[in-house]
Amino acid sequence: MNFNTDIFTIFDKKWALLTAGDEEKFNTMTISWGGLGTLWGKPVATVYVRTSRYTHDFVDANEYFTVSFYPENYRNVLNVLGTMSGRNMDKMNESGLTAQKAGESMTFKEAEITLVCRKLYMQGLDVSKMPEDVAGKLYAGQAPHDMYIGEVVEIIQK
Ligand SMILES: Cc1cc2nc3c(=O)[nH]c(=O)nc-3n(C[C@H](O)[C@H](O)[C@H](O)COP(=O)(O)O)c2cc1C
């Protein structure tokens with residue numbers, strides 16, 4: 001497995017899709033917070049998902065999730081998938097992306113890179129331990145984030 005990237009910009013500037021579920025039922029949403037690194041001697045990807053997201057239900061219910069990155073011309077699609085909820089719209093039919101299996105989870109044919117992750121750990125972020133400005137700005141009256149750390153078991157590159 002080999003994946004070279006600028007870790008400080010790939011999530012923040014490029015964004016990604018976080019997807020969980022199987023061919024029968026899955027959901028995806030745009031993320032721009034995340035990390036890549038090492039935990040317990042394993043390559044890992046970390047994502048942060050507000051408990052209010054429909055995708056949260058899928059990440060919780062499944063052992064695997066994927067994090068996938070797209071060419072710049074998919075920016076609008078990522079914007080829609082990061083604004084609308086799968087609870088209220090048929091994201092897959094309206095996004096124009098082509099779903100495909102990735103290991104034990106799902107990704108999209110249009111992805112440049114997909115990280116297939118097996119959940120290793122999850123923990124809710126504790127608002128009381130955050131800097132005050134962050135808590136006030138990002139969490140007042142809003143659902144907290146759960147942190148999911150997944151072992152990267154496969155990297156699918158075009
Ligand atoms: C650029 C961008 C980045 C986002 N990053 C995150 C994130 O890291 N974590 C999160 O919980 N929501 C994030 N969101 C919001 C979700 O993508 C959005 O609420 C989405 O509609 C949830 O869809 P769902 O309800 O189908 O899961 C982001 C949205 C955008 C546009």
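I started with strand 1 and strand 2, which run antiparallel and are joined by six bridges. I took strands as DSSP runs of E of at least two residues and helices as runs of H or I of at least four, numbered from the N terminus. I count two strands as paired if DSSP finds at least two bridges between them.

The model is predicted, so I kept its limits in view: local features need pLDDT of at least 70, side-chain atom pairs count only at pLDDT 80 or more, and totals for chains, interfaces and linings use all residues. Residues are numbered from 1 along each chain as its sequence is written.

**Strand 1**

I looked up the link between strand 1 and strand 2 and found a hairpin through four residues. Threonine 19 has threonine 28 in strand 2 as its bridge partner. Strand 1 is also joined to strand 5, by three bridges, and this pair runs antiparallel. There, leucine 17 has serine 68 as its bridge partner.

I then checked burial, where buried is 20 or more other C-beta atoms within 10 Å of a residue's own, exposed is 12 or fewer, and partly exposed is in between, with C-beta atoms placed from the backbone. Six of the six residues of strand 1 are buried. Ala16, Leu18 and Ala20 lie on one side and Leu17, Thr19 and Gly21 on the other, so both faces are covered.

**Core**

I define a nonpolar core as buried Ala, Val, Leu, Ile, Met, Phe, Trp, Tyr and Cys residues joined through C-beta atoms within 7 Å. The largest one has 31 residues, and Ala16, Leu18, Val47, Phe65, Val67 and Cys117 have the most contacts inside it. Elements giving two or more residues to this core include strand 1 (16-21), strand 5 (64-69), helix 3 (75-81) and strand 8 (113-124).

For leucine 18 I listed contacts (C-beta atoms, placed from the backbone, within 7 Å). Beyond its neighbours within four places in sequence, leucine 18 touches Thr28, Met29, Ile31, Val47, Val49, Thr55, Phe65 and Val67.

**Ligand**

The ligand is surrounded by 20 residues, the closest being Tyr54, Thr55, Gly82, Ser85 and Gly86. Strand 2 (26-31), strand 4 (42-50) and helix 2 (54-61) each supply at least two of the shell residues. Strand 2 gives the largest share, four residues.

**Helix 5**

Just after helix 5, glycine 141 has a positive phi of about 70 degrees.

Technical notes. A residue is near a molecule or strand if its C-beta atom, placed from the backbone, lies within 6 Å of it. Two residues are in contact if their C-beta atoms, placed from the backbone, lie within 7 Å.
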